[in-house]
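Please open the model in your viewer and keep the selection panel at hand. The tour below goes from stop to stop, saying what to select and what is there.

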Amino acid sequence: MARGKAKEGDGNWKKFIWNSEKKEFLGRTGGSWFKILLFYLIFYGCLAGIFIGTIQVMLLTISEYEPKYQDRVAPPGLTVVPQVLKTEVSFSISDPKTYEEYVEGLNRFLKNYDNSQQTDEMIFDDCPEKPHDYITRGAFNNAQGQKKVCRFRREWLENCSGILDSSYGYKDGKPCVVVKLNRILGFKPKPPLNDSLPPEMMGKYNPYVLPVHCFPKKEEDVDKIGTVEYYGLGGYAGFPLQYYPYYGKLLQPKYLQPLMAVQFTNLTYDTEVRVECKVYGENIHYSDKDRFQGRFEVKFDIKSS
Amino acid sequence: SSPQDQYEMYSVEMEKQGNGAMDVKIKKKKTNKAAKKKEKLESMKKEMDVVSGGSRTGVALAGEILLRDGPNELKPPKGTPEYVKFARQLAGGLQCLMWVAAAICLIAFGIQCGQGDLTSADNLYLAIALIAVVVVTGCFGYYQEFKSTNIIASFKNLVPQQATVIRDGDKFQINANQLVVGDLVEIKGGDRVPADIRIITAQGCKVDNSSLTGESEPQTRAPECTHESPLETRNIAFFSTMCLEGTATGIIVNTGDRTIIGRIASLASGVENEKTPIAIEIEHFVDIIAGLAIFFGGTFFVVAMVIGYPFLKAMVFFMAIVVAYVPEGLLATVTVCLSLTAKRLARKNCVVKNLEAVETLGSTSVICSDKTGTLTQNRMTVSHLWFDNQIHTADTTEDQSGQSFDQSSETWRALCKIVSLCNRAFFKSGQDNVPVPKRIVIGDASETALLKFSEITLGNVMEYRERCKKACEIPFNSTNKFQLSIHELEDPRDPRYLLVMKGAPERILERCATIMIKGQELPLDEQWKEAFQTAYMDLGGLGERVLGFCHLYLDPGQFPRGFAFDTEDMNFPTSGLCFAGLISMIDPPRATVPDAVMKCRTAGIRVIMVTGDHPITAKAIAASVGIISEGSETVEDIAARMRIPVEQVNKEARACVVNGGQLKDMETEELVEILKMHPEMVFARTSPQQKLIIVESCQKLGAIVAVTGDGVNDSPALKKADIGVAMGIAGSDAAKNAADMILLDDNFASIVTGVEQGRLIFDNLKKSIAYTLTKNIPELTPYLIYITVSVPLPLGCITILFIELCTDIFPSVSLAYEKAESDIMHLKPRNPRRDRLVNEALAVYSYFQIGAIQSFAGFTDYFTAMAQEGWFPLLCVGLRAQWENDHLQDLQDSYGQEWTFGQRLYQEYTCYTVFFISIEMCQISDVLIRKTRRLSVFQQGFFRNKILVIAIVFQLCLGCFLCYCPGMPNIFNFMPIRFQWWLVPLPYGILIFVYDEIRKLGVRRHPGSWWDKELYY
């Protein structure tokens, strides 16, 4: 019985695709196909209309200048430049090709911080060269046009600015990394309370600076990490508050977030050294799941030959 | 003529052919011996030789033979081993797809792990989830099957049968399963024959072979061999038949599975069950789903490869599409729905062995029903009386709730006296508190009927008999055809004796000289004789068993007190008696049956009666329960009415009564033709084997056939039927084993309840499946958009599994509780070839309309959640590669904010959750619209189905739990979402509801229109 059915089915298949008696294609005549396709055309037309309509209405409720919610993006992440695969900085001092990639990355990133990029007085503003309180520039809309942006001088990064040493210390085996706090619109980072800092940072405390500190990930690496130099505005190892808050891509298209650089001048060569850098602040949080929130990790593996 | 002349023995041979169809050959056994039969006979003779060799078994020898032959019991049909059953649950069409998906996940995990990828744990996780899903649903299905097998096990007789055996000259009572070939056993009335035995002595022994041969007449058993065929000879009593009266001793010739019954039983159990229509439907549908899943997956695999995704990624896409498209929870839903109905049916006395049989009953278009016990009460009952030249109707209802007749006449009193006294039946003692119809009576069927009748109308008969002492008695025998007894009178001062007699009406009339009319004895002249004839014919024509009653007060001078009556010489008058009246008896139809048959008729189901009884009785019962409706005539009726020979009747007769003799000479085509011609059919005098032919012929007409049966010999027909219904009380174990359903109360009306439930569950399954299928589209589209447009993934696999197996199961099951939309018992049974469970309209409507709306709802909510967190829709397009780059820790959104990978991942989970909630919200609307297919939901009532309301609340609570339970983000990728994102899909939910109401309105207003054809599922 089953076999007979299958055979019958074979015949039916061909007939199903094109039934010459009834002039049916896939079980429908041309007229029938026309009607059903017209129906679906109208149906999907209406649906698409409703969809686009609702999306438009939804977009109307959203300001272009200020996100409705920042549930996931805050607190900010801490990013390191050069951005490298698996956050592993691995090169050989004698072979410039091995660190070319990192130097390129830094060059590319720091290009926006060149003085030549910051000439437009309409956009850029000379902010105090000492750490200072937040500079607010009005509401989050374009009622007063674009907002001004604080200048950030590349030379403040000293040895890591790339001006004095175009290889950012890599050719001497003293690699620099540049650290930035991820931009978050309207976010005002709060410096940490005095007593919550590690003791070695207490000396450089400033109430208008969000301090950054790097230390070995593992206790036993303490002697391998050597001296760590921090460069930043006014010599402070951190992010000064006058650059905050950020007003967004539309109001501050040329926004320069404050940077700081970290140079490891005495790293042990030919071994892996894992370093973690953290930014400290009252509204900075760290997460086990997101290892780039408020901190980052870099692995150095420098070959001496 | 003896029944043997009317019956031919058939051997039934069934073979399973390669293609799964069952081929049944019915061979008429010719009297000139077929070689095979001879061989059988020889072996049987040989067995007998062993016995007649004189070696009566001793206890020791019996033990040896028991070891050799095994216990004397029917081996239960060999079941499939448990592990095979379980493995089968894991290897269905969809399950195989899931295995493949899980394998792909594992491979992907392995490869990614090798590459040191950070996110690869997701794939391992998904693989484990998929395997868990298959195993858990497998366990569930296995448990369901296991439970229904257990129901059957509970039917097995727990009390072992006892047998009296003579070993080493001593009588023992032992368990019947300890008997061996060669044992000498004793049987007596009321015993079940413990094995196939050859009778060596017998006193008035009669057996009931109906379960074996279908003959309802008791058969005499005696030591003489009367026929060469073991089935027809009188000196063999068969295993498991009942000994009705008398005693006998015999030697066991066959035990256990080697008995005749055992052979038939094993024959039936060797036949695979026919696949139920719902199983075919579901298989068909699963094939399509699996095919489409592979097709979609394959297409997008190719698309992904062409677009330039790496091979591994494309394989993962394939897997994800399969997971999204396969309705994982569907089989569990169907099983639960069916078992709910099975439970509901069990409460109404139908126990369903095979879950799928529930629905089969709903598509049944022909019921071949037994008469005795199913349509009737299976007890002889006095139905009519004729006295004073008038037919009176007695109350035949089971609970004596009917009307009684006028009992004031003198004649009635006289008749009543005869009925009470001329009766050898008596109640078993100690039943005073039992209602009369239920009391156990020792005696044959008609005497029992008369005893109960007089007990009800007169009161305490036993005491009355005590007062009228019996002086002598001649029991009924087939030569006299009467029964006579002489009693003292109740009044001790009256010295007369009263002679009472009952018997075949014409014989009684011969012996009468007078007739009692209104208490007066009138001479029995021609006029009265004619009146008697008319009444006799009338009652006989009703298919009833008629008895005549007469009496005579003996002359006290001639027969003084203490007169020695001699039954041998008959030294008393046996003629010139006074005729009192006629009483007719019938096995009356059950009170609920005519209604049930009527219901079947309105439901478009043919009820065909197949019985071993006389055509006249069968026809009368058929007429009284409505199988032959009022005004329908058979060809014979028309001929009789028009006074022409049968051959000249050219008018079509609605009804037709075919007896076994006619059936025997018919070709199958002829039978099919007759079944086609006459809507009302009764088969009388049929053997159970002929039942099989009738079932087959009905199936040839394309009908879904339900068969009721109780005998062992019915089991092939029960197996062959689309749904076999066995009787719980009267049914033999073999019948119960072969059946798909068991009626605990043996009542036909229960079948009709079953049909109603079956139809309801078909409708409701349709709704459940439509509901379940709908969400596959909103689960699938996110992947399609993800692959083609490269937006961040809107819906993850784990989330999909949660929808399929967690939140949506309860609502889809709750649709099984939905009430019928219209009077389903007024519709024709579904045509299994045309009215599919899942038809094109259902799939298209669910997938391309409701599913499409749900997808749009999901995407609206997705884009809303993305935009409100900073990712505008246009930015999302093409974002996938950067979004999923886990080294990119400062990806800029539409506001220039920089996101780390972890933040983006949580945002993605937020999207999953938002999409999940959108589907849930739309599914709430979906479950509401699925309540009805044609009626407006307002007509059906929103809150009538309480379970559904609870299910919706449950679904919402579960949704909240998944969203807001702490720890969920990292375990199951659910994020706590903002309240307003619950509301975004609401307009689409309302749209679904309104659109479906419009659809239903169109379907109702314009039946047959384009709209109806395209959109009614």
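The stops that follow begin with the interface, then turn to surface patches and end with the backbone.

This is a predicted model, in which local features need pLDDT of at least 70 and side-chain atom pairs count only at pLDDT 80 or more, while totals for chains, interfaces and linings use all residues. Residues are numbered from 1 along each chain as its sequence is written, chains are lettered from A and ligands numbered from 1 in the order in which they are written, and side-chain values use heavy atoms, with hydrogens and water left out.

**Stop one: the interface**

Select chain A and chain B together: 51 residues of chain B are in contact with 54 residues of chain A, where contact means heavy atoms within 4.5 Å. The area buried between the two chains is about 4,400 Å², and carbon and sulfur atoms give 57% of this; buried area is the accessible area (1.4 Å probe) that two parts lose on being put together, summed over both. Now pick out Tyr895(B), Glu898(B) and Trp1010(B), which supply 16% of the area that chain B buries against chain A, more than any other three residues.

Across this interface there are 6 salt bridges, each being a side-chain nitrogen of Lys or Arg within 4 Å of a carboxyl oxygen of Asp or Glu. Show the side chains of Lys180(A) and Asp890(B), which meet in a salt bridge at 2.4 Å, N to O. Next, select Arg183(A) and Glu898(B), a salt bridge whose closest N and O atoms are 3.9 Å apart. Arg183(A) lies in the loop between strands S8 (176–181) and S9 (209–216) of chain A, and Glu898(B) in strand S30 (residues 898–899) of chain B, so the pair joins two chains. Helices (H or I, at least four residues) and strands (E, at least two) are DSSP runs, numbered from the N terminus.

**Stop two: a nonpolar patch**

Select Trp13(A), Phe16(A), Ile17(A), Trp18(A), Phe25(A) and Leu26(A), which make a nonpolar surface patch of about 640 Å². Patches are made of residues with over 30% relative accessible area and no salt bridge, like charges being joined within 9 Å and nonpolar side chains (Val, Leu, Ile, Met, Phe, Trp, Tyr) within 5 Å; accessible areas come from the Shrake-Rupley method with a 1.4 Å probe, and for residues only the protein chains shown count as cover. Helix H1 (residues 2–17) of chain A gives the largest share of the patch, 3 residues.

**Stop three: the backbone**

Move to Val81(A) and Pro82(A), which are joined by a cis peptide bond with omega about 0 degrees. Pro82(A) is found in the loop between strand S4 (78–81) and strand S5 (88–92) of chain A.
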